[in-house]
Amino acid sequence: MIMQLAINGTEIAVCLGCGLPRLEVEGFYALQNERCGRCRLIGGEELIECSACEEKVFEEEAYVEALFMTPWDDEEKETGFTYCLSCVDHGADNPDGEVFYCDGCSRYIADGDGRMCYYRILNDCEQVCLNCIEEDLKRGGIAAIGDDNKLEEVFAGKSMFGMFFNVGELEAEGWTPDPLYHDVCIGEGRDAVKLGARAHGWYKGGRLVIIRYESMNIMGGEGYVTLYTKEA
Ligand SMILES: [Zn+2]
Ligand SMILES: [Zn+2]
Ligand SMILES: [Zn+2]
(Lines give C-alpha, C1' and ligand atoms only; values in the text may rest on other atoms or scores of the structure.)
(Ligands and ions follow the chains in the order given, each with its own letter.)
Protein backbone atom coordinates (compact mmCIF):
# COMPACT_ATOMS: atom_id res chain seq x y z
CA MET A 1 0.00 0.00 0.00
CA ILE A 2 1.41 3.38 -0.94
CA MET A 3 0.18 6.93 -0.62
CA GLN A 4 -0.47 9.25 -3.51
CA LEU A 5 -1.50 12.86 -3.77
CA ALA A 6 -5.05 13.37 -4.93
CA ILE A 7 -5.97 16.30 -7.17
CA ASN A 8 -7.19 18.29 -4.19
CA GLY A 9 -3.83 17.88 -2.47
CA THR A 10 -4.82 15.31 0.15
CA GLU A 11 -2.93 12.08 0.48
CA ILE A 12 -4.86 8.96 -0.33
CA ALA A 13 -3.85 5.36 -0.15
CA VAL A 14 -3.64 3.38 -3.36
CA CYS A 15 -3.00 -0.30 -3.93
CA LEU A 16 0.42 -1.12 -5.32
CA GLY A 17 -1.14 -3.99 -7.22
CA CYS A 18 -4.03 -2.33 -9.01
CA GLY A 19 -3.43 1.36 -8.32
CA LEU A 20 -7.01 1.93 -7.20
CA PRO A 21 -7.60 4.19 -4.21
CA ARG A 22 -8.29 2.63 -0.86
CA LEU A 23 -10.20 4.08 2.06
CA GLU A 24 -8.73 3.71 5.46
CA VAL A 25 -11.37 2.57 7.91
CA GLU A 26 -10.31 2.05 11.50
CA GLY A 27 -6.69 1.45 10.56
CA PHE A 28 -7.60 -0.98 7.87
CA TYR A 29 -7.93 -0.44 4.16
CA ALA A 30 -11.43 -0.97 2.87
CA LEU A 31 -12.56 -1.15 -0.77
CA GLN A 32 -10.58 -4.14 -1.88
CA ASN A 33 -10.57 -4.77 -5.60
CA GLU A 34 -11.64 -8.37 -5.99
CA ARG A 35 -9.71 -8.71 -9.23
CA CYS A 36 -6.45 -7.68 -7.60
CA GLY A 37 -4.36 -10.29 -5.81
CA ARG A 38 -2.64 -7.75 -3.60
CA CYS A 39 -5.97 -6.27 -2.54
CA ARG A 40 -7.30 -9.69 -1.75
CA LEU A 41 -4.28 -10.57 0.39
CA ILE A 42 -4.54 -7.30 2.28
CA GLY A 43 -8.20 -8.09 2.77
CA GLY A 44 -7.12 -11.21 4.62
CA GLU A 45 -7.98 -13.80 2.01
CA GLU A 46 -5.99 -16.96 2.56
CA LEU A 47 -3.99 -18.78 -0.05
CA ILE A 48 -4.10 -22.51 -0.52
CA GLU A 49 -0.89 -24.48 -0.91
CA CYS A 50 -0.65 -26.91 -3.81
CA SER A 51 0.14 -30.42 -2.55
CA ALA A 52 2.43 -31.03 -5.53
CA CYS A 53 4.45 -27.88 -6.29
CA GLU A 54 3.80 -26.08 -2.95
CA GLU A 55 2.87 -22.92 -4.83
CA LYS A 56 0.23 -20.85 -2.99
CA VAL A 57 -2.83 -19.93 -4.99
CA PHE A 58 -6.27 -18.40 -4.49
CA GLU A 59 -9.24 -20.65 -4.00
CA GLU A 60 -10.48 -20.45 -7.60
CA GLU A 61 -7.04 -21.50 -8.85
CA ALA A 62 -7.02 -24.61 -6.70
CA TYR A 63 -8.60 -27.99 -7.14
CA VAL A 64 -9.60 -29.64 -3.88
CA GLU A 65 -9.30 -33.27 -4.81
CA ALA A 66 -12.45 -35.30 -4.30
CA LEU A 67 -13.01 -38.80 -5.57
CA PHE A 68 -15.45 -41.61 -5.57
CA MET A 69 -13.63 -44.14 -3.40
CA THR A 70 -15.33 -47.07 -5.12
CA PRO A 71 -17.50 -47.33 -8.24
CA TRP A 72 -20.48 -48.07 -5.96
CA ASP A 73 -20.19 -44.90 -3.87
CA ASP A 74 -22.93 -42.30 -4.33
CA GLU A 75 -20.85 -39.41 -3.09
CA GLU A 76 -17.37 -38.08 -3.58
CA LYS A 77 -14.96 -37.81 -0.67
CA GLU A 78 -12.22 -35.26 -0.27
CA THR A 79 -8.79 -36.83 -0.21
CA GLY A 80 -7.11 -34.02 1.74
CA PHE A 81 -4.97 -33.04 -1.25
CA THR A 82 -5.30 -29.75 -3.10
CA TYR A 83 -3.61 -28.92 -6.39
CA CYS A 84 -3.03 -25.75 -8.34
CA LEU A 85 -4.64 -25.78 -11.76
CA SER A 86 -1.32 -25.86 -13.57
CA CYS A 87 -0.35 -29.04 -11.70
CA VAL A 88 -3.74 -30.51 -12.59
CA ASP A 89 -3.08 -29.64 -16.25
CA HIS A 90 0.22 -31.48 -16.06
CA GLY A 91 -1.28 -34.51 -14.38
CA ALA A 92 0.64 -33.94 -11.15
CA ASP A 93 -2.54 -34.63 -9.18
CA ASN A 94 -2.45 -38.26 -10.31
CA PRO A 95 1.23 -39.24 -10.51
CA ASP A 96 0.77 -42.94 -9.94
CA GLY A 97 -2.46 -43.37 -11.81
CA GLU A 98 -4.35 -44.08 -8.59
CA VAL A 99 -7.42 -42.46 -10.05
CA PHE A 100 -9.24 -43.11 -13.27
CA TYR A 101 -11.97 -41.38 -15.19
CA CYS A 102 -14.86 -43.64 -16.05
CA ASP A 103 -16.09 -42.97 -19.55
CA GLY A 104 -19.42 -44.55 -18.69
CA CYS A 105 -20.54 -42.47 -15.70
CA SER A 106 -18.13 -39.51 -16.16
CA ARG A 107 -16.68 -39.76 -12.66
CA TYR A 108 -13.19 -39.78 -11.15
CA ILE A 109 -12.86 -42.96 -9.14
CA ALA A 110 -10.06 -44.53 -7.08
CA ASP A 111 -8.60 -47.28 -9.24
CA GLY A 112 -8.87 -50.04 -6.67
CA ASP A 113 -8.50 -51.03 -3.04
CA GLY A 114 -5.23 -52.92 -3.37
CA ARG A 115 -6.92 -56.27 -3.87
CA MET A 116 -9.38 -55.41 -6.56
CA CYS A 117 -9.12 -53.20 -9.61
CA TYR A 118 -12.23 -51.04 -9.99
CA TYR A 119 -12.23 -50.79 -13.77
CA ARG A 120 -11.94 -52.79 -16.97
CA ILE A 121 -10.36 -51.55 -20.14
CA LEU A 122 -12.69 -51.54 -23.13
CA ASN A 123 -11.76 -50.91 -26.76
CA ASP A 124 -8.07 -50.92 -25.76
CA CYS A 125 -8.17 -47.57 -23.99
CA GLU A 126 -11.45 -46.72 -22.25
CA GLN A 127 -11.41 -47.25 -18.50
CA VAL A 128 -14.92 -48.19 -17.42
CA CYS A 129 -15.84 -48.72 -13.78
CA LEU A 130 -17.21 -52.02 -12.52
CA ASN A 131 -20.53 -50.43 -11.67
CA CYS A 132 -21.07 -49.30 -15.27
CA ILE A 133 -19.90 -52.66 -16.62
CA GLU A 134 -22.27 -54.48 -14.28
CA GLU A 135 -25.21 -52.28 -15.27
CA ASP A 136 -24.46 -52.75 -18.98
CA LEU A 137 -24.09 -56.50 -18.63
CA LYS A 138 -27.32 -56.86 -16.69
CA ARG A 139 -29.16 -54.63 -19.14
CA GLY A 140 -28.03 -56.09 -22.44
CA GLY A 141 -25.52 -58.89 -21.92
CA ILE A 142 -21.89 -58.86 -23.04
CA ALA A 143 -22.88 -57.19 -26.33
CA ALA A 144 -24.03 -54.13 -24.34
CA ILE A 145 -20.58 -53.16 -23.07
CA GLY A 146 -19.81 -51.82 -26.54
CA ASP A 147 -16.58 -53.70 -27.23
CA ASP A 148 -17.02 -56.25 -30.01
CA ASN A 149 -13.57 -57.70 -29.43
CA LYS A 150 -14.57 -58.74 -25.92
CA LEU A 151 -17.68 -60.41 -27.28
CA GLU A 152 -15.64 -62.31 -29.87
CA GLU A 153 -13.05 -63.32 -27.28
CA VAL A 154 -15.76 -64.81 -25.10
CA PHE A 155 -17.28 -66.71 -28.04
CA ALA A 156 -13.82 -67.99 -28.98
CA GLY A 157 -13.12 -69.11 -25.39
CA LYS A 158 -10.21 -66.67 -25.07
CA SER A 159 -11.75 -64.61 -22.31
CA MET A 160 -14.19 -65.06 -19.47
CA PHE A 161 -15.50 -61.51 -19.41
CA GLY A 162 -17.82 -61.66 -16.43
CA MET A 163 -18.46 -60.51 -12.87
CA PHE A 164 -19.45 -61.66 -9.42
CA PHE A 165 -23.13 -60.95 -9.89
CA ASN A 166 -25.64 -61.32 -7.09
CA VAL A 167 -27.65 -64.41 -8.08
CA GLY A 168 -30.89 -63.14 -6.54
CA GLU A 169 -30.68 -59.91 -8.52
CA LEU A 170 -29.88 -61.70 -11.76
CA GLU A 171 -32.77 -64.10 -11.45
CA ALA A 172 -35.15 -61.31 -10.40
CA GLU A 173 -34.22 -59.55 -13.65
CA GLY A 174 -35.03 -62.58 -15.76
CA TRP A 175 -31.60 -64.15 -16.20
CA THR A 176 -31.48 -67.94 -16.07
CA PRO A 177 -28.47 -70.20 -15.66
CA ASP A 178 -27.62 -72.51 -18.53
CA PRO A 179 -28.09 -75.98 -16.94
CA LEU A 180 -25.11 -77.38 -18.85
CA TYR A 181 -22.79 -74.56 -17.85
CA HIS A 182 -23.81 -74.00 -14.25
CA ASP A 183 -20.87 -73.63 -11.85
CA VAL A 184 -18.45 -75.27 -14.26
CA CYS A 185 -14.70 -75.36 -13.87
CA ILE A 186 -12.83 -73.28 -16.41
CA GLY A 187 -9.18 -74.07 -16.41
CA GLU A 188 -8.28 -75.98 -19.50
CA GLY A 189 -8.58 -73.95 -22.68
CA ARG A 190 -10.96 -76.60 -24.03
CA ASP A 191 -13.63 -75.90 -21.41
CA ALA A 192 -13.50 -72.22 -22.14
CA VAL A 193 -13.86 -72.89 -25.86
CA LYS A 194 -16.91 -75.07 -25.25
CA LEU A 195 -18.49 -72.48 -23.00
CA GLY A 196 -17.72 -69.77 -25.54
CA ALA A 197 -19.33 -71.77 -28.34
CA ARG A 198 -22.37 -72.37 -26.16
CA ALA A 199 -22.63 -68.66 -25.41
CA HIS A 200 -22.32 -67.92 -29.12
CA GLY A 201 -25.15 -70.37 -29.83
CA TRP A 202 -27.47 -68.61 -27.37
CA TYR A 203 -26.46 -65.24 -28.80
CA LYS A 204 -27.16 -66.30 -32.39
CA GLY A 205 -30.52 -67.61 -31.19
CA GLY A 206 -31.36 -64.08 -30.04
CA ARG A 207 -30.64 -64.35 -26.31
CA LEU A 208 -28.48 -62.11 -24.16
CA VAL A 209 -25.51 -63.80 -22.48
CA ILE A 210 -23.33 -63.03 -19.47
CA ILE A 211 -20.84 -64.96 -17.38
CA ARG A 212 -21.12 -65.05 -13.61
CA TYR A 213 -17.99 -65.77 -11.60
CA GLU A 214 -18.57 -68.36 -8.93
CA SER A 215 -15.10 -68.46 -7.38
CA MET A 216 -12.41 -65.88 -6.73
CA ASN A 217 -9.58 -67.62 -8.52
CA ILE A 218 -11.27 -67.03 -11.88
CA MET A 219 -9.34 -63.76 -11.92
CA GLY A 220 -6.23 -65.85 -12.27
CA GLY A 221 -7.65 -67.61 -15.32
CA GLU A 222 -8.97 -70.63 -13.48
CA GLY A 223 -12.10 -71.20 -11.48
CA TYR A 224 -15.83 -71.73 -11.63
CA VAL A 225 -18.31 -69.81 -13.73
CA THR A 226 -21.96 -69.97 -14.77
CA LEU A 227 -23.32 -68.97 -18.13
CA TYR A 228 -26.52 -66.96 -17.76
CA THR A 229 -28.88 -66.08 -20.58
CA LYS A 230 -31.97 -63.94 -20.94
CA GLU A 231 -34.51 -63.23 -23.60
CA ALA A 232 -33.44 -60.17 -25.58
ZN1 LIG B 1 -5.25 -3.84 -5.62
ZN1 LIG C 1 1.01 -27.04 -8.13
ZN1 LIG D 1 -18.67 -45.78 -14.38
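**Entry 1: pairing around β17.** Before looking at strands, I noted the rule I am using: two strands pair if DSSP finds at least two bridges between them. I also reminded myself that this is a predicted model. With that in hand, I looked up β16 (residues 207–213) and found it joined to β17 by seven bridges, the two strands running antiparallel. As a landmark in that pairing, I marked arginine 212, which stands opposite threonine 226 in β17.

I then followed β17 to its other pairings. Strand β15 (residues 184–186) pairs with β17 in the antiparallel sense, over three bridges. Here I marked isoleucine 186, whose bridge partner in β17 is glycine 223. Strand β14 (residues 176–177) is also antiparallel to β17 (residues 223–231), with two bridges. Threonine 176 faces threonine 229 of β17 there.

**Entry 2: the whole chain.** Next I stepped back. I counted six helices and 17 strands in the protein. How does the radius of gyration of the protein compare with that of a compact globule of 232 residues? The protein has 29 Å, whereas such a globule would have a value near 17 Å.

**Entry 3: domains.** The protein is divided into domain 1 (2–42), domain 2 (46–140) and domain 3 (142–231). The C-alpha centres of domain 2 and domain 3 are 30 Å apart. Their contact involves nine residues from domain 2 and eleven residues from domain 3. Which element gives the most to the side of domain 2 that touches domain 3? I found helix α3 (residues 130–140), with seven residues. By type, the residues on that side of domain 2 are three nonpolar, two polar and four charged.

**Entry 4: helix α3.** After α3 comes glycine 141, with a positive phi near 75°.

Strand β11 (residues 119–122) and strand β12 (residues 126–129) pair in the antiparallel sense, with four bridges. Within that pairing, arginine 120 has valine 128 of β12 as its bridge partner. The two strands β11 and β12 form a hairpin with three residues between them, and asparagine 123 in the turn has a positive phi of about 50°.

**Entry 5: helix α4.** In α4 (residues 148–155) I noted Leu151, Val154 and Phe155 as buried. Why do they sit on the same side of α4? They do so because they cover an arc of only 100° around the axis. The general rule is handy here: an α-helix has 3.6 residues a turn, so residues three or four places apart point the same way. Glycine 157 follows α4, and its phi is positive, near 75°.

Entry 6: Most residues other than glycine have a negative phi, and I went looking for exceptions. Serine 106 is one of them, with phi near 55°. I found serine 106 in the loop between β9 (99–102) and β10 (107–110). Buried or exposed? Serine 106 counts as exposed because it has 8 C-beta neighbours inside 10 Å.

Aspartate 183 also has a positive phi, near 55°. Its place is the loop between β14 and β15. Aspartate 183 counts as exposed, with 11 C-beta neighbours inside 10 Å.

**Entry 7: serine 86.** My last stop was serine 86 in helix α2 (residues 85–89). Serine 86 is partly exposed, having 14 other C-beta atoms within 10 Å. I also checked serine 86 against glutamate 61: they are 25 residues apart along the chain, and their C-alpha atoms are separated by 8.6 Å.

Technical notes:
Residues are numbered from 1 along each chain as its sequence is written. Chains are lettered from A and ligands numbered from 1 in the order in which they are written. This is a predicted model: local features need pLDDT of at least 70, side-chain atom pairs count only at pLDDT 80 or more; totals for chains, interfaces and linings use all residues. Domain bounds come from an automatic or database domain assignment. Two residues are in contact if their C-beta atoms, placed from the backbone, lie within 7 Å. Ala, Val, Leu, Ile, Met, Phe, Trp, Tyr, Cys and Pro count as nonpolar, Asp, Glu, Lys and Arg as charged, and the others, Gly among them, as polar. The radius of gyration is taken over C-alpha atoms; the globule rule is 2.2 Å times the number of residues to the power 0.38. A residue is buried if 20 or more other C-beta atoms lie within 10 Å of its own, exposed if 12 or fewer, and partly exposed in between; C-beta atoms are placed from the backbone. The arc is that of the directions from the helix axis to the C-beta atoms.
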